[in-house]
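My notes follow in the order I looked things up.

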Amino acid sequence: MYEVKGKNVLITGAASGIGKELSLLFAGDGANMILDDMPEKMPILDQWAGELKSKFGARVWTFGINLAEESGAETLYRSAVEAAGKIDILVNDAGTLAYGNFADIDYQKQDFMVRTNVLAVFRLTRLVLPSMLKAGNGRILNMSSCSAFQPTVYHAAYAATKAFVQSMSEAVNAEIQGTGVKVLTFSPPYTKTPMLKDGNLPQKMFWYKISGLWDPAVIAAIGYKSFKRGKAICIPGAVNWFMHSIVVRLSPHSMLSAISLRAMKGQD
Ligand SMILES: NC(=O)c1ccc[n+]([C@@H]2O[C@H](COP(=O)([O-])OP(=O)(O)OC[C@H]3O[C@@H](n4cnc5c(N)ncnc54)[C@H](OP(=O)(O)O)[C@@H]3O)[C@@H](O)[C@H]2O)c1
């Protein structure tokens, strides 16, 4: 099991949902926390940092850096290293989602999503990796999704951002085998977090019956266990693992898109 006590963990998107739950697990095991979220989330993030400090005596640094900004990832990387000295563990959790017809969803919302889910994850992974490799020690947890494994109708661009994360993270992990550094690609199913609200996904959808609608604390605990064990890939739930690792790989893409068209349609 990978020991996180005393290590510096940078978690993006730490004010909410799965990232917040992951920060609780890392801090509970004695890690030092470097937390980032959107600038307007700073009051919530600082309050959460206070709770982690008083509950676990954790050292916590907070940043309100928007990772969709052109210099966001680099600014966060440099600020984190300046504050904490080094980054031992990176958790690329921050992400957004947009649901609807590709041509109808607000362009700015989609563009923000691609910059956050793809560019920031690429940049932070690329920025932290050289010093981890030099030290012969380090871990990265990249947040993908079950949406990564097939074309996903009504969140076409979101699923494609996660396909990027899945592919890049799996390949990098294979390249660095034996170096002491590992990348976990974590691909949760639908989880009840603020990201699913605000019209980002319908309240009723056939696919929920298959994937389930999970609790963020449960999802974080499953991912954290896989992380500590040094796994390469984690897809929570036996049904989700079977659907996305086996069924999807054996099915023709035309069939997947046709099923997706029906299964992902809102029933509200
Ligand atoms: N929930 C699911 O069903 C599900 C399933 C599979 C994978 N995931 C992935 O899990 C990760 C966490 O999602 P979640 O469900 O926990 O969502 P969440 O509760 O909305 O948490 C994500 C956090 O990231 C922040 N964030 C978004 N864009 C950012 C940016 N450009 N810079 C800095 N912070 C930013 C969000 O701020 P705002 O609230 O202001 O946007 C939010 O506080 C995401 O990568 C998501 O794609 C989620």
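**Crossovers**

I began with S5, helix H5 (residues 156-175) and S6, which make a right-handed β-α-β unit. Right-handed here means that, with the strands pointing away from the viewer, the path from the first strand over the helix to the second runs clockwise. Helices (H or I, at least four residues) and strands (E, at least two) are DSSP runs, numbered from the N terminus. I then found a right-handed β-α-β unit made by S4, helix H4 (residues 107-135) and S5.

The model is predicted, so I note the limits: local features need pLDDT of at least 70, side-chain atom pairs count only at pLDDT 80 or more, and totals for chains, interfaces and linings use all residues. Residues are numbered from 1 along each chain as its sequence is written, and side-chain values use heavy atoms, with hydrogens and water left out.

I checked the cover on S5 (residues 138-143): six of its six residues are buried (under 20% relative accessible area, with a 1.4 Å probe and protein chains only). Gly138, Ile140 and Asn142 point one way from S5. Arg139, Leu141 and Met143 point the other way.

Next I looked up the pairing, which requires at least two DSSP bridges between two strands. S4 (residues 89-92) runs parallel to S5, joined by four bridges. Arginine 139 in S5 has isoleucine 89 opposite. On S6 (residues 181-186), I count six bridges to S5, again parallel. Leucine 184 in S6 is the bridge partner of leucine 141.

**The whole sheet**

I read the strand order as S3-S2-S1-S4-S5-S6-S7, an open sheet of seven strands with parallel pairing. Strands S3 (60-63) and S7 (233-234) stand at the edges with a single partner strand each, so one side of each lacks a neighbour in the sheet.

H4 packs on the sheet and touches S1 (8-12), S4, S5 and S6 (contact: heavy atoms within 4.5 Å). The direction of H4 makes about 170 degrees with that of S4. Angles run from 0 to 180 degrees between N-to-C directions, with axes fitted to C-alpha atoms, for helices over the stretch in contact. Helix H7 (residues 216-228) also packs there, touching S4, S5, S6 and S7, at about 155 degrees to S6.

**Around the ligand**

I listed polar contacts, pairs of N or O atoms within 3.5 Å. A polar side-chain atom of serine 16 lies 2.6 Å from a ligand oxygen atom. Lysine 162 has a side-chain N or O atom 2.9 Å from an oxygen atom of the ligand.

Notes:
Buried means under 20% relative accessible area, exposed over 50%, partly exposed in between (1.4 Å probe, protein chains only). A polar contact is a pair of N or O atoms within 3.5 Å; within protein, one must be able to donate a hydrogen and the other to accept it, and residues adjacent in sequence count only if both atoms are side-chain atoms.
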